[in-house]
Amino acid sequence: MSTRLSLLVDLASLLTREVDFDALLSTAGERLAEALGADRATLWLVDAEQGDLVTRVAVLPELPALRQPIDRGIAGHVARTGEVVRLEDATLDPRFDPSADRATGYTSRSMLVAPIREDARSPIRGVVQLLNRKDGAFDADDERYLVALATQLARAIALTTLRAADAAGPGVTLRGPFNRIVGRSAPLTQVYERIALAAQTDATVLLRGETGVGKGLFARAIHVNSARQSGPFVVVDCTTLPAQLVESELFGHERGAFTGADRRVPGKVELAEKGTLFLDEIGDLPVDIQGKLLRFLQERTFERVGGRETLVADVRVVCATHRDLERFVADGRFREDLYYRVRVVEVDMPPLRARGGDEIEALAHHFADMYARRYGRPATHIDQNAMAALRAYTWPGNVRELEHWIESAVVLSPSGHVSTAHLPSRPRGDAPAAPEGLRIPVGLSLDQATELYIEATVAACDGNKTEAARRLGVGRNRVARLLKDKD
């Protein structure tokens, strides 16, 4: 019984992470078979777009989907009718489809199959199928447990990105191969492939892209789909670390190392032991610390501040930046040897505007569903004019900005109907005016032109960084980071 209870807890935990859906279904099947003493377990999901059953929903070429028509077999029968089926010898049942056994060489005998849905009136999202109980036939207790588990699984799936486009209809919609990451556009295809391949190794990864494109989500996706998934995922935001405390934050310090150091404190490197260390905005790391980070990346050794003992850490490192590191290297602001060390595997993240209007629409619906649940609002409907405005906007703040706009719209629309009145002025179609007197010369890099524009916008706002950030559609921290660099 403890195994069965822990299965529910483990699956609930797994469904809150950026896990590869193929790995999710495989893990769930293995744990379910173990808990119920079955030889094999399969989680079939109803594909809302194609109308069939799928057991492996990853879209990468090396992870092909396994599909079955919904009008065939006992799993198909349960998916259509919602009936729970328990059989001592499935081959004697006229609904049994032997084609899978013939293709795999497996012999099905006892079988227990239940629909995945939140309650008897809810749409069916999939089917849980158990085969060949190891010590006899499945009994009534097994059936009650499986029905309860299928109900909890349906509720958990409702919190993932495996949600149907029409909540009232059956099945689920594949919005991407990783949970919590929505997107199936062509620009994301290479990103998914590289993330999946990088997760299989311990190579250092550099995620590059504009602020708000989701670099943190993909960093976690690398971690939770790697062999280190049971270890910690430790985040260091290099933009928020005071220069005098960066070394201590990364590598820890000994008691008495400096004024106020009244005890030994481990750094983020130690805390990430056996897991992944995510260095966000590594381009903002002070130059005088970059050499020590380089040594750690090369040798996995370090010393605490004020200490003499050389320590070793078994840590995988993932980095991210929106900076033009090549220009930083040329300007002497980033070490060239560190630059080559952090970009072993480089992944360029596309901005939202490059992913197309359909992706913007899919993300808008995803965030609307998420925040309607969070704030107890009715199902959200974004009307045609509002959606057209969202699709036409250029989204300088990328996915993060879109999420903030949709969250605001859900809060401001208690009826659940979102119109252009619930959107900020610019997504309604108003373009922000250029700061008065601004001249951007031809020949600048994108980073240089962006910095010049941000500086001019702050000046036009009389130095008010919050107002400048609002006009620019970016976070205040991005504005503050730029101005700090220019000081």
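Tutor: Let us begin with β5 (residues 111-116) and β6 (residues 126-133), which pair in the antiparallel sense over six bridges; two strands count as paired if DSSP finds at least two bridges between them, and strands (E, at least two residues) and helices (H or I, at least four) are DSSP runs numbered from the N terminus. This is a predicted model, in which local features need pLDDT of at least 70 and side-chain atom pairs count only at pLDDT 80 or more, while totals for chains, interfaces and linings use all residues. Residues are numbered from 1 along each chain as its sequence is written, and side-chain values use heavy atoms, with hydrogens and water left out.

Student: Which residue in β6 is the bridge partner of Pro115?

Tutor: That is Val127.

Student: And what order do the strands of that open sheet take?

Tutor: The six strands run in the order β3-β2-β1-β6-β5-β4, with antiparallel pairing, and the edge strands are β3 (67-68) and β4 (85-87), each of which pairs on one side only.

Student: Which strands does helix α5 touch?

Tutor: Helix α5 (residues 140-157) packs on the sheet and touches β1, β4, β5 and β6, contact meaning heavy atoms within 4.5 Å. Its direction makes about 30 degrees with that of β5, where axes are lines fitted to C-alpha atoms, for helices over the stretch in contact, and angles run from 0 to 180 degrees between N-to-C directions.

Student: Switching topic, what about the sheet with parallel pairing?

Tutor: That open sheet has five strands in the order β8-β9-β12-β7-β13. At its edges stand β8 (233-237) and β13 (345-348), each with a single partner strand, so one side of each is left without a neighbour in the sheet. Neighbouring strands here are turned by 20 degrees against each other on average, direction ignored.

Student: How many bridges join β9 and β12?

Tutor: Strand β9 (residues 276-280) and strand β12 (residues 316-321) pair in the parallel sense over four bridges, and Leu277 has Val317 in β12 as its bridge partner.

Student: Last one: at what angle do α13 and α15 pack?

Tutor: Helix α13 (residues 357-374) and helix α15 (residues 398-412) pack at about 45 degrees, their axes 9 Å apart. They are therefore oblique to each other, since angles under 35 degrees count as roughly parallel, over 145 as roughly antiparallel, 65 to 115 as roughly perpendicular and the rest as oblique. Residues making the contact include Phe367 of α13 and Ile406 of α15.
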